[in-house]
Amino acid sequence: MTDTDVVVVGGGPSGLTVASELALAGVRVTVLERRTKPVESRAGTVLPRVLELFDARGIADRFFERARSIRDNPLIPVHIWAGMQPVHWHHLNSRFGFRLIMPQNMTEELLLERARELDVDVRHGALVEKITQDAEGVLVTAAHGAGRLELTARYAVGADGGRSLVRGQAGIGFEGRGATFTGMVADLRTGGLGPDGRLMTDNEHGWVTSFPFGHDDDGTAVTRFNIVHAQRRHAPQSEAVTEEEVRACLRDVLEREVEFDGLRWASRFTDALRIATTFRNGRILLVGESTRIHYPASGVGMNFCIQDAFNLGWKLAAVLNGHADDALLDTYEQERRPVAEELLRSVEAQCAVQFNFTAEGVVFKRMFQEHLLPLPEVNRRIALELNGLTAPYPSLPGSHLLTGHRAPDLELVTADGIERVGELLRDQRFLLIDCTGDDSYAGLDASGLPLRVVSGVPVVTTPELRAVRSLLIRPDAYIAWADEHAPDPQAAADQIKHWIGARR
């Protein structure tokens, strides 16, 4: 008997998300987090795709409510790419055609609240020192307070960031390149600049963006500034950011003084770019920043980490609960590595454009933003890219063209009234939909499986879905199977067995 089923090392967004996904399926989870205080603000944006996933677990409203503590209307319908705007979220055809401005510490607070509601054992101040594994499980050793602890588990998940100890202990390589420049992030006590404290400016001196980031304890408004200065980008990451440096850099780029009351928090970031050689070694798996590091282009990195966790969580739970063979875990890397690699390519492309401060580079950015970015297909492609949705997950030969794509949040007219996909997924089960409304799958044996069967006619659909008669949607809101033929219980059963039920 192990102490727990899964040890998650790291209590950031990806670690807490994967822990909650496991616990929702009844898996025993222990999270070991070395920090004892909230993270500094770091990431600050929650994107539409992650809001869709939060909605599929019934927690999206918590994020909207918390975001309103920063600004009255926290729903931002546009975004940036390579420092240029606007990228319109309406191109995603999502229920959530907006993003949230939210400091990472707030995101973590809400995810920690969710994890504890699900009885996840979260231990702060636990510094993991060693992980070993054998054919039966893993052994995790950590310093915890004045003592030490050893935990046995069936699997371990490394969610411990770019300097991942878990990755190193598992013998997994980390390939790529080091930094070529540094930027600065500074949270300043100031009312900000422009409407609602938001601005974005670039010229031959560098690039600056700002947005409201909450308030200090005394009620003073805090504005976050991201800065890449043409000259100071050569400063080493280890060099402390000073108030004088921030003032001078803002003055150069904005061509005016910015009044602020000292530095609330500041740090340097780099464009180092690396990816793990594999996301899994036996019973040890990696999620989030433990799998890659990169320049925080457009502020989307945390969102990709959370999507990793949603992908891995239900799969690891299915294996532990006996619904699927261990081979299902291999699909985690098969699906998420291409997304991570595409993210890194996007980051490199954005940096090449955004931080070219030559006269020619500035002219190109102005031309791209004025003439190319507004083109609907260009804007839509970038919106998909920022959400990690440019390509479907791999599927079997002959699969319907919708297979592997994110599932639409359909509203269905059923015998019980109007039901919505985003709500039907909240108990983390597969969702088999008979889109004809004829209850063709009423006799399907789903006993003991994480599967919900629904019969209903879509209220509104898209051209790609109009001919679809059957849909199998995964717990992470991706389409596992779509079929345009008359509903066939045997075909549906075969698809279900492909994903879950392999041990029946």
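Because the model is predicted, local features are given at pLDDT of at least 70 and side-chain atom pairs at pLDDT 80 or more, while totals for chains, interfaces and linings use all residues. Residues are numbered from 1 along each chain as its sequence is written, and side-chain values use heavy atoms, with hydrogens and water left out. Helices (H or I, at least four residues) and strands (E, at least two) are DSSP runs, numbered from the N terminus.

Helix H2 (residues 48–55) is mostly covered, with eight of its eight residues buried; buried here means under 20% relative accessible area, exposed over 50%, and partly exposed in between (1.4 Å probe, protein chains only). Among these buried residues are Arg 49, Glu 52 and Asp 55. The axes of H2 and helix H3 (residues 60–67) come within 7 Å and cross at roughly 125°. Such axes are lines fitted to C-alpha atoms, for helices over the stretch in contact, with angles running from 0 to 180 degrees between N-to-C directions. H2 and H3 are therefore oblique to each other, given that angles under 35 degrees count as roughly parallel, over 145 as roughly antiparallel, 65 to 115 as roughly perpendicular and the rest as oblique. On the H2 side, Leu 51, Phe 54 and Asp 55 meet Ala 60, Phe 63 and Phe 64 of H3, where contact means heavy atoms within 4.5 Å. By class, five nonpolar, no polar and one charged residues make up this contact (Ala, Val, Leu, Ile, Met, Phe, Trp, Tyr, Cys and Pro count as nonpolar, Asp, Glu, Lys and Arg as charged, and the others, Gly among them, as polar).

Phe 64 leads on to the aromatic residues. Rings of Phe, Tyr and Trp (its six-membered ring) pair if their centres lie within 6.5 Å; planes under 30 degrees apart count as stacked, over 60 as edge-to-face and the rest as tilted. By this rule the count comes to 17 aromatic pairs. Phe 64 and Phe 96 form a tilted pair, 5.9 Å centre to centre with 45° between the planes. This pair links distant parts of the chain, 32 residues apart, with Phe 64 in helix H3 and Phe 96 in the loop between strand E6 (84–88) and strand E7 (99–101). Phe 64 is buried at a relative accessible area of 10%, and Phe 96 is buried at 7%. Trp 81 and Phe 368 form a stacked pair, 5.9 Å centre to centre with 25° between the planes. Trp 81 belongs to strand E5 (residues 78–81) and Phe 368 to helix H9 (residues 359–372), so the pair ties together parts that are 287 residues apart in sequence. Trp 81 counts as buried at 10% relative accessibility, and Phe 368 is buried at 13%. Elsewhere, Phe 181, Trp 207, Phe 269, Tyr 295, Phe 355 and Phe 357 form one aromatic cluster.

The sheets come next. Three strands form an open, antiparallel sheet in the order E9-E10-E11, where two strands pair if DSSP finds at least two bridges between them. Strand E9 (126–133) and strand E11 (147–153) each have a single partner strand, so one side of each is left without a neighbour in the sheet. The twist averages 20° from one strand to the next. Seven bridges join strand E10 (residues 138–144) to E11, and Thr 141, in E10, has Glu 150 in E11 as its bridge partner. Thr 141 is buried, with a relative accessible area of 13%. Beyond its neighbours within four places in sequence, Thr 141 is in contact with several residues, including Leu 127, Lys 130 and Leu 149.

A second open sheet, also antiparallel, contains five strands in the order E15-E16-E17-E14-E18. Strand E15 (199–203) and strand E18 (263–270) are its edge strands, each pairing on one side only. Neighbouring strands of this sheet are turned by 15° against each other on average, direction ignored. Strand E14 (residues 182–189) and strand E17 (residues 221–229) are joined by six bridges, and Ala 186 has Phe 225 in E17 as its bridge partner. Helix H6 (residues 243–254) packs on the sheet, touching E14, E15, strand E16 (206–215), E17 and E18, and its direction makes about 75° with that of E17.
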